[in-house]
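The following briefing concerns a single protein chain. Please consult the sequence and the model shown here before reading the points below.

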Amino acid sequence: MSALEAWREYLCKACGYIYNERDGDVDSGLQPGTRFEDIPEDWYCPICGVTKADFVLVEEVRVSGVKARSHYANSLPRDGSSLRRSSKRKYDVVIVGGGTAAWKTAEALRALSQEISIAMVSQCDADRYDKPLLSVAMARNLSLSGLVKETGAAAALRLEVVLLSKTTAISINASHQVLRTTIGSIHYQHLVIAQGAQSVLPAHLPAEYCWRINHLSQYARLRDALGASSRRVLVIGAGLVGSELSNDLALGGHSVSLVDIAPRPLARLFAESEQTDALLKAWEHLAIKFFGNTEVLEVKRSATHGYEVRLSDDQYITVDEIVVATGLKTCDRLANSAGLTWKNGIVVDPIALVASEAGIYALGDCISIAGETSRFIEPIGRQAKTIASQITGEALIPYKNQRVPIRIKTTSMPMTVHSC
């Protein structure tokens with residue numbers, strides 16, 4: 001295909017990101033003008049990390065730049081489109097994200113103002129649920145539908161928020177106060193980034209073999225794959241999430257192999273071994289086998305069924321499913337596009353939660369205070385009130401960054417520790 005022929009756009013079915021051949025993906029090494037068929041097969045979506053195989057052709061775009069709107073973009077659900085504010089393409093507040101931090105911000109804003117216009121840009125349906133319940137759902141016999149407290153559509157109507165669901169924020173033009181998304185540009189007066197964080201996948205592990213559980217949709221797909229029969233599950237990472245999931249999977253009737261480079265589970269939370277020794281003792285009646293002081297070196301699909309896993313101590317494990325719980329990382333693409341100061345996350349003022357560009361705030365998993373991130377639920381409500389007080393012109397409600405108690409939901413041996 002010559003450069004004079006039509007440029008094409010390809011849509012990521014997972015998150016809505018659009019790869020435009022004309023623009024390429026410079027951050028990933030694809031220069032402008034790179035045709036889709038010339039992209040290496042190991043390239044992945046810069047937004048959500050799925051592979052090239054998960055992209056579909058959207059439409060042809062003429063070199064002149066004249067194009068029709070894609071059918072997909074026209075069909076995207078806008079659950080709040082009936083609201084009186086929906087005709088605007090400029091909003092008083094635009095919130096990026098559809099999780100707890102985003103909805104807490106919307107609630108805090110509405111508590112102070114009924115007139116302010118709010119739009120929310122979310123990659124998912126933005127259904128409301130308690131994320132900590134994902135690691136105890138089997139023990140509590142919770143159905144997937146039972147985890148959802150309120151649909152995104154219902155929450156948007158209740159709070160008079162224009163919800164742009166299944167829409168990805170691509171970049172921020174801070175000087176012009178414009179957020180570019182996969183369905184067009186949105187102007188804002190105040191921008192609140194509540195994009196959360198994504199599960200980290202070690203570079204040597206094939207993404208198509210591994211589950212990463214940080215959202216309800218990902219958890220739902222894992223539950224569907226597990227089915228009703230007992231399965232052999234490898235959990236990589238024995239931190240908070242990995243230990244909780246291992247405990248819950250075993251209570252759900254599955255056989256779990258838990259692997260970590262540390263000598264014991266939860267080693268990063270507990271300096272002494274007494275608590276984790278008690279946890280291992282409590283696990284003795286469950287189908288959980290802990291492999292410490294080792295790591296996964298290689299994963300191969302078995303010729304008959306499941307996966308063959310080689311550990312660094314030359315042990316081999318055969319499993320049906322692999323769950324990776326080796327930590328979280330916030331994508332820096334959006335912050336970099338706005339020129340925001342970054343240090344493990346978006347650097348914000350510790351009192352006001354303002355980012356380095358005027359009119360932009362951030363909260364939740366994606367922020368960094370004194371170089372440290374916070375992955376816990378409790379501070380989010382307080383952070384939202386701090387941001388809302390400034391946007392609505394009320395007296396500042398200062399945020400206090402403090403240690404919070406962490407309840408470790410290993411239901412066979414629940415424990416509490418304070419964050420650093």
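I95 touches A102, T105, A106, L109, I118, A119, M120, V121, V192 and A194, leaving aside residues up to four places away in sequence; a contact means heavy atoms within 4.5 Å. The model is predicted: local features need pLDDT of at least 70, side-chain atom pairs count only at pLDDT 80 or more, and totals for chains, interfaces and linings use all residues. Residues are numbered from 1 along each chain as its sequence is written, and side-chain values use heavy atoms, with hydrogens and water left out.

**Strand pairing**
- Strands β15 (residues 255-259) and β16 (residues 288-291) pair in the parallel sense over four bridges; pairing requires at least two DSSP bridges.
- L258 has F290 in β16 as its bridge partner.
- From β15 the chain crosses through helix α7 (residues 274-282) to β16 in a right-handed β-α-β crossover (clockwise from the first strand over the helix to the second, with the strands pointing away from the viewer).

**Whole chain**
- The protein chain has nine helices and 26 strands, taken as DSSP runs (helices H or I, at least four residues; strands E, at least two) numbered from the N terminus.
- Of its 420 residues, 48% count as buried, meaning under 20% relative accessible area with a 1.4 Å probe, protein chains only.
- Among contacts between residues at least 6 apart in sequence, 60% join residues at least 24 apart.

Terms used
Buried < 20%, exposed > 50% of the residue type's maximum accessible area, 1.4 Å probe, protein only.
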